[in-house]
Number of protein chains: 2
Amino acid sequence: MKEISILGSTGSIGQNTLEVIAAHPDKFNVRALAAGTNVSLLKEQIERFRPEFVALATEEAADKLRERLAGTETAVLSGIDGLIAVATHSDVKMVVSAIVGAAGLVPTMAAIEAGKDIALANKETLVTAGPLVMGAVERAGVQLFPVDSEHSAIFQSLVGHRHGDVRRLILTASGGPFRATSLEALKQVTAVQALAHPNWSMGKKISVDSATMMNKGLEVIEASFLFDLPGKQISVHVHPESIVHSMVEYIDGAVIAQMGLPDMKTPIAYALSYPERVELNQPEMDLCSIGMLNFEEPDHLRFPCLKLAYQALEEGGDAPAVLNAANEVAVQFFLSGQLAFLQIPEVVSRVLEMHDPSGLTTVSEVLRKDRWARERSLEVIRQLEGACA
Amino acid sequence: MKEISILGSTGSIGQNTLEVIAAHPDKFNVRALAAGTNVSLLKEQIERFRPEFVALATEEAADKLRERLAGTETAVLSGIDGLIAVATHSDVKMVVSAIVGAAGLVPTMAAIEAGKDIALANKETLVTAGPLVMGAVERAGVQLFPVDSEHSAIFQSLVGHRHGDVRRLILTASGGPFRATSLEALKQVTAVQALAHPNWSMGKKISVDSATMMNKGLEVIEASFLFDLPGKQISVHVHPESIVHSMVEYIDGAVIAQMGLPDMKTPIAYALSYPERVELNQPEMDLCSIGMLNFEEPDHLRFPCLKLAYQALEEGGDAPAVLNAANEVAVQFFLSGQLAFLQIPEVVSRVLEMHDPSGLTTVSEVLRKDRWARERSLEVIRQLEGACA
C-alpha cells in the first residue's frame, strides 16, 4: 500500500490522481489533501477518500469547510503551514505536487527534505529552481517522477537504458491552435482563439503557453534539469496528433518513444506505481484508425518564446525564473485583452535583457527574483501601452 | 572485451556484424567464423579479423581455402563438426547465429548448451523449434538477443518494464512491394516484382516472404516464443515507412516504440553490447524530414499467409515447422516461375491441413517433420500443376 498526499487535489491533475487511486484501493491510499479555495469539491473528496487532514489556501476557506464538515474526523488546516503539513505527513511515501504556479515550490521542497518521493506536475518548481530542487532530491535520496505527458514519456523511454548512451531528447509539441496561422494573422489573435487547444483540455494559462509555444520552452528547461542534459541535447518536434508524447535518441541511432492517446491518467499512474504499471481500462490506442502521424520543425519566427526559453536555459542561474515570471505576467495581460499575442514574447525578451544574471542558492532568492521580474514586466507592459497609444 | 563467434559470417548479417566489431575493437573480438562456400570473402575476413579457426560448409570449399591461406595460422574446418566447433569455442561468450535456413538450428542449440549467449538472426531456429530452443536457453541460463529489427525493437521496448504489464506486442510490417496491389493483379505478379522491396535490401527468400507477408507471420511466431506471449497478444500494423520498428502496449495504455532509419547495424550492435549501446556514427533519423508515418491494418484477403502463421502458432507443436517448410518449398517454386504468387499460401494451407499435429521434443523430430512437410509440398505443387494443365 502506497500512502499518498496530494498538493492541489481539486485541480485537473489532482482529480485525475484521485480517480487513479480510487480504481486501485489495494495499491494506493490517500492520507492528506491540499486545495486552493474550492471548498465544495474538497468536501466531496474528503467524504470519498477520508484523509486524516486537509489544507486550504486561506483561513476563510478553511472555516467554511470546517462548518460543512461538522461531525467528521478530518482536520482542516490553512495557509502555508497547512500545505507543508500535507506535504510532510509522516506516514506518506509519495507527494503529488500539482499546485499551479510558484506556490508549489515551497511545499514541494519541504516534501523532498522530509524524504518523500515526488510525483511532479507543477511546472514552476523545476523551471524556476531546477538546480536547487535536483540538489535536494539527490541529498534526500528520494525519487522525482514527472507527471506531465512529455516528461513521463521521456522517463519511460529512458527506463532500462543507460543515461550515458543518450544522444538527445526529443520533446513533441502539438503546435497549439495557431500551428498553421500566419505571422500577420498572429498579430490579431484573441484570448478566446488561444484557449481553443486542439488535443488537450487545460487551464487558461497553460493553453496560452501552448499557443505561444512557451509551454514547450518551459518543458525544455524542465527536461534539462530532470534528465541532466544541456539544451543542445534537447530538440522539439511539432507533432499535431499528440500521439507520440516524446522520444529519446541514443548513440546507436535507436529512438525509443512513448505513445498513447492524450490522457493524463497514464503518466499519473506510472508516477504512482513505478516500476509497475496498473490497469487503467482506457480505450486502446489504434494507430491504424489514427492512420497518420505528422512531424515538423517548430517555426521560431512565429513562435519566438521557444527560442527565449532555450536562451534562458543556456544562460542558467536565475534566467529561467525571470523568463517564467515575465511570461506569467504577460499571459495575464493577454488574457485580459491588454496585450497583443505577439507582445508576450516581446515582454519576456525585454525583461530577460534587463536582468543581471546571478546564481540561485536558496528558495527565497528564487522568490525574490520572481517578484523582481514581475515588477519589471509591469513596467515593460506600461511602456508598450505608451508606445501603442 | 566480448569474445565472439559468427555463424554465417559472409552473409548480410555476418558482414554487418563484422563492421560493428571493426568499429569497436576495444569492446569486441572475433574468435571463430563459419560460412557456407564463399571462400574469397571468408579469406578476406580471416586476414582482417584473425580468428583462431573457421568452418566452411563443405570439405571441398575448406580445401580451397586452406590452399589460399597457406602460411597463416587459422585452422579451417568443415561440415557440421566445423559449425559446432565455431559455435562452442571455449573462450567465446556470444555466438551470432546468422546462417540462413534450417541449417542454423543444430549449431545454435549446441552453442546454447555450451553456455553461450546468442545473438539470433536465424528465423527458422525459433519458428521451427521455439519451445525446444527457449527451454534450452532457460536450462543453460544464457541470454537470447534478437537481431532482426522488429524483435530487437520489442526487446528494446520491454527493457526496464515488467513483462506482466504487457497488454500486447505490435509488430510493424512495411507491407512489401504489393501493399497497394489489387487481388486480381496479385495473381499475375512475377518473382522480379516480388524481389523489389521498398525499404530493405534482402535475400530472395525473405523478399518473397515480405511480399506475401509470410515474413511477418514467421515473426509473429518468433515473437510468441521469444517473449512468451500467445498469438492473440501479438498484432501486426502495416507501416510503409519502416521507421517504427515495432511497439509494446502496456496495461495502462502506454505504448513504447523503438524507431530508427532502416539499418541492420543498430539491432546487431544492441545484441552485442546490451545493456550498453555503442556509437555507430549513422545518419540521425530526422522525423521532421520524413514528415509522416502511416499505419494501416493488414489485408488478410490479399495476404493470407499472415493468418496461416497465426493458425500454425495457435495449433502449436510441429505446426509452425510444417508451415515454414511448406513455405520454403513454395517460395522456391515461385522464384523459378513454376508457381503463381497466390499459390504460395495455397500450398502452405494444404500441407498444414495434411499434417497430424504432434508435439516436438527433440531437434531430430523437428528435422524429420521439416522433411515430411517438404515432401508433401512437392506433392501438392504437382497436383496444382496437374490441375492447371
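**Figure 1. A salt bridge between Arg167(B) and Glu279(A) in the predicted model.** In this predicted model, Arg167(B) and Glu279(A) form a salt bridge, and their closest N and O atoms are 3.6 Å apart. To find the pair yourself, look for Arg167(B) in strand β8 of chain B and for Glu279(A) in the loop between α12 (265–273) and α13 (287–290) of chain A. Because the two residues sit in these separate places, the pair joins two chains. Searching the whole structure gives 58 salt bridges over all chains.

**Figure 2. Charged and polar pairs where chain B meets chain A.** Across the interface of the two chains, the rule finds 8 salt bridges. Here is another pair to zoom in on: the side chains of Asp252(A) and Arg277(B) meet in a salt bridge, with an N to O distance of 2.8 Å. Polar contacts between chain B and chain A come to 20 residue pairs, counted where both residues have pLDDT 80 or more. Which elements of chain B give two or more residues to the side that touches chain A? They are β8, β10, β11, α12 (265–273), α13 (287–290) and β12 (292–294) of chain B. The largest share of that side comes from β11(B), which gives 5 residues.

Figure 3. The contact takes 44 residues from chain B and 44 residues from chain A. About 4000 Å² is buried between chain B and chain A, and carbon and sulfur atoms give 53% of that area. In chain B, the residues that lose the most area to chain A are Asp252(B), Arg277(B) and Cys288(B), together 18% of what that side buries. As for the predictor's own scores, the complex has an ipTM of 0.95 and a pTM of 0.95.

**Figure 4. An open sheet with strands from chain A and chain B.** Follow the 8 strands in the order β9(A)-β8(A)-β10(A)-β11(A)-β11(B)-β10(B)-β8(B)-β9(B), and you have traced an open sheet with mixed pairing. At the edges stand β9 (234–238) of chain A and β9 (234–238) of chain B, each with a single partner strand, so one side of each is left without a neighbour in the sheet. On average, neighbouring strands of this sheet are turned by 20° against each other, direction ignored.

Figure 5. Strand β8 (residues 166–173) and strand β10 (residues 244–250) of chain A run antiparallel and are joined by 5 bridges. Which residue in β10(A) is the bridge partner of Leu169(A)? That partner is Val248(A). Helix α7 (residues 149–158) of chain B lies across strands of both chains: β11 (255–259) of chain A, and β8 (166–173), β10 (244–250) and β11 (255–259) of chain B. The helix runs at about 40° to β10(B).

**Figure 6. The parallel sheet of chain A.** This open sheet has 7 strands in the order β4-β3-β2-β1-β5-β6-β7 of chain A, and its pairing is parallel. Strands β4 (75–78) and β7 (144–146) of chain A are the edge strands, each pairing on one side only. From one strand to the next, the twist averages 25°. Within the sheet, 6 bridges join β1 (residues 2–7) to β2 (residues 28–34) of chain A, and the two strands run parallel.

Figure 7. Most residues other than glycine have a negative phi, and most peptide bonds are trans. Against that background, the peptide bond from Tyr274(A) to Pro275(A) is cis, with omega near 5°. Pro275(A) has its place in the loop between α12 and α13 of chain A. In chain B, the bond from Tyr274(B) to Pro275(B) is cis with omega near 5°, and Pro275(B) is found in the loop between α12 and α13 of chain B. Ser242(A) is not a glycine, yet has a positive phi of about 50°. You will find Ser242(A) in the loop between β9 and β10 of chain A.

Terms used: Residues numbered from 1 in each chain as written. Chains lettered and ligands numbered in written order. Predicted model: local features only at pLDDT ≥ 70, side-chain atom pairs only at ≥ 80, totals over all residues. Heavy atoms only, no water. Pairing = 2+ DSSP bridges. Helix = DSSP H or I, 4+ residues; strand = E, 2+ residues; numbered from the N terminus. Axes fitted to C-alpha atoms, helices over the stretch in contact; angles between N-to-C directions. Contact = heavy atoms within 4.5 Å. Buried area = accessible area lost by both parts, 1.4 Å probe. Salt bridge = Lys/Arg side-chain N within 4 Å of Asp/Glu carboxyl O. Polar contact = N/O pair within 3.5 Å; in protein donor to acceptor, adjacent residues only side chain to side chain.
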